[in-house]
Amino acid sequence: MNEIIASMAGSVWKVLVQVGDQVEEGQDVVILESMKMEIPIAAEFDGTVKEVKVAEGEFVNEGDVIVVVE
């Protein structure tokens with residue numbers, strides 16, 4: 001399993017994938033909002049979403065796991 005982590009602290013503005021979705025390297029999976037900016041978080045590998053560990057409106061810290069892909 002591969003983990004996609006938050007590159008910075010912020011609020012989860014939008015979750016773009018669901019469990020079972022196929023993702024490709026470079027595809028945005030979550031958009032964070034920090035300091036009035038939207039920061040897309042992209043998959044770093046191809047695979048199937050096994051788990052989404054965040055919800056819209058939730059706060060995440062840098063390094064937190066946001067999506068698990070296998």
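Reader: Let's start with N2. Where is N2 found?

Author: N2 is found in strand 1. Strands here are DSSP runs of E with at least two residues, numbered from the N terminus. This is a predicted model, where local features need pLDDT of at least 70, side-chain atom pairs count only at pLDDT 80 or more, and totals for chains, interfaces and linings use all residues. Residues are numbered from 1 along each chain as its sequence is written, and side-chain values use heavy atoms, with hydrogens and water left out.

Reader: Which residues is N2 in contact with, leaving aside neighbours within four places in sequence?

Author: Contact means heavy atoms within 4.5 Å. On that basis, N2 touches F45, V67, V68 and V69.

Reader: How do I read strand pairing?

Author: Strands of a sheet pair through backbone hydrogen bonds, either parallel or antiparallel. Two strands count as paired if DSSP finds at least two bridges between them. Here, strand 1 (residues 2–5) pairs with strand 8 in the antiparallel sense over four bridges, and I5 has V65 as its bridge partner. Strand 6 (residues 47–52) also pairs with strand 8, antiparallel, over three bridges, with V52 opposite V67.
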